Amino acid sequence: MFTKPCTATKDHDPRHYRRDELETNWRFHRTPPATPQSPARIAIVFDCEMGVNVEGESDLIRLSVVDYFTSAVLLDSLVWPDAKMQTLNTPFSGVSWKALNDARRNKTCLFGRENARKAVWSLISPETVVIGHGANNDLNILRWIHPNVVDTLLVEQRLREKENAAMAREAEELGLEYEETKPSGGGGGMSLKNLTKDRLGRAIQAKGRGHDSIEDSIATRDILHWHVSRILQSGEP
């Protein structure tokens, strides 16, 4: 409360929503059962790219899905957003206005969040394991509720907590004072870019190129596979 504000104005004017706007825009939807025409995958990895609409909210502009077991690309599409956009955040999202407008004109994109969500649902069932990194952001942007989610960010957080606890116990047994070390890098060193470098020795999200949701999905898949292989080798629960 004592810091300098990012903006200053004489009055605070809250936004007035249109009738049913909040209910329509923020209603979440549960994964429906698979149909006989669309056999469900056992496990998929997904990633979304977002821009910012004129209301200052994130909006979906690209969606990618890969198969966990094969890394096969199941879906990769630009998404024409439901709302008017303020910025596509191209340096980060990797999506340009030219690419998005071309996809709209050629009708090669998905139109709106609902169609994007249905495109994912055509590949899965409620039993499918859905994998993401910081998956809550991607689930939120799709307004999607799914019962079986593995988030590699949470997996990494749990591993770090276990490692710190083990080192703290060891220090206590030796009569030493343990101070938790903080890794360098954004997000406490647990950004997808940092983890891909640390766990896999691979560089992604190259400077000036922006993100690539296929590249990010495969990196997320490989990080989880690193953890699964490690657990199988060690016999840890």
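Mentor: Let's start with helix H8, which covers residues 213-234. Keep in mind that this is a predicted model. H8 has 22 residues, and from its first C-alpha to its last it reaches 31 Å. At 1.5 Å a residue you'd expect 32 Å, so the actual reach is close to that.

Now look at its two ends. Asp212 caps the N-terminal end of H8, with a side-chain oxygen 2.9 Å from the backbone nitrogen of Ile214. At the other end, H8 is followed by Gly235, and the phi of Gly235 is positive, near 75°.

Which residues of H8 are buried? Ser213, Ile214, Asp216 and Ser217 are among them. The list goes on with Ala219, Thr220, Arg221, Asp222, Ile223 and Leu224, and it also includes His227.

Because 10 of its 11 residues are buried, S2 is largely enclosed by the rest of the structure. Find S7 (residues 129-132) next: S2 and S7 pair in the parallel sense over three bridges, and Ala43 stands opposite Val129 there.

With S3, strand S2 pairs in the antiparallel sense over nine bridges. Two pairs to pick out are Asp47, opposite Ser64, and Val45, whose bridge partner is Val66. The hairpin of S2 and S3 has four residues between the strands, and in that hairpin Gly56 takes a positive phi near 85°. S2 also pairs with S5 (residues 85-87), antiparallel and over two bridges; here Asn53 has Met85 as its bridge partner.

Stay with S3 for a moment. S3 is mostly covered, with nine of its 10 residues buried. Five bridges join S3 to S4, and these two strands run antiparallel. Ser64 turns up again here, with Asp76 in S4 as its bridge partner.

Between S3 (58-67) and S4 (73-80) is a loop, and Ser71 is in it. The hairpin of S3 and S4 has five residues between the strands. Ser71 isn't a glycine, yet its phi is positive, near 65°. Why is that worth a second glance? Most residues other than glycine have a negative phi.

Lys107 is another residue to check for this. The phi of Lys107 is near 55°, again a positive value in a residue other than glycine. You'll find Lys107 in the loop between helix H3 (97-106) and strand S6 (110-111). Lys107 counts as exposed because its relative accessibility is 69%, and the cut-off for exposed is over 50%.

Last stop: the surface. Tyr17, Leu22, Trp26, Phe28 and Ile145 make a nonpolar surface patch of about 420 Å². Trp26 lies in helix H1 (residues 21-26). Is Trp26 buried or partly exposed? Its relative accessibility is 38%, so Trp26 counts as partly exposed.

Methods. Residues are numbered from 1 along each chain as its sequence is written. This is a predicted model: local features need pLDDT of at least 70, side-chain atom pairs count only at pLDDT 80 or more; totals for chains, interfaces and linings use all residues. Side-chain values use heavy atoms; hydrogens and water are left out. Buried means under 20% relative accessible area, exposed over 50%, partly exposed in between (1.4 Å probe, protein chains only). A polar contact is a pair of N or O atoms within 3.5 Å; within protein, one must be able to donate a hydrogen and the other to accept it, and residues adjacent in sequence count only if both atoms are side-chain atoms. Patches are made of residues with over 30% relative accessible area and no salt bridge: like charges are joined within 9 Å, nonpolar side chains (Val, Leu, Ile, Met, Phe, Trp, Tyr) within 5 Å. Accessible areas come from the Shrake-Rupley method with a 1.4 Å probe; for residues, only the protein chains shown count as cover. A salt bridge is a side-chain nitrogen of Lys or Arg within 4 Å of a carboxyl oxygen of Asp or Glu. Two strands pair if DSSP finds at least two bridges between them.
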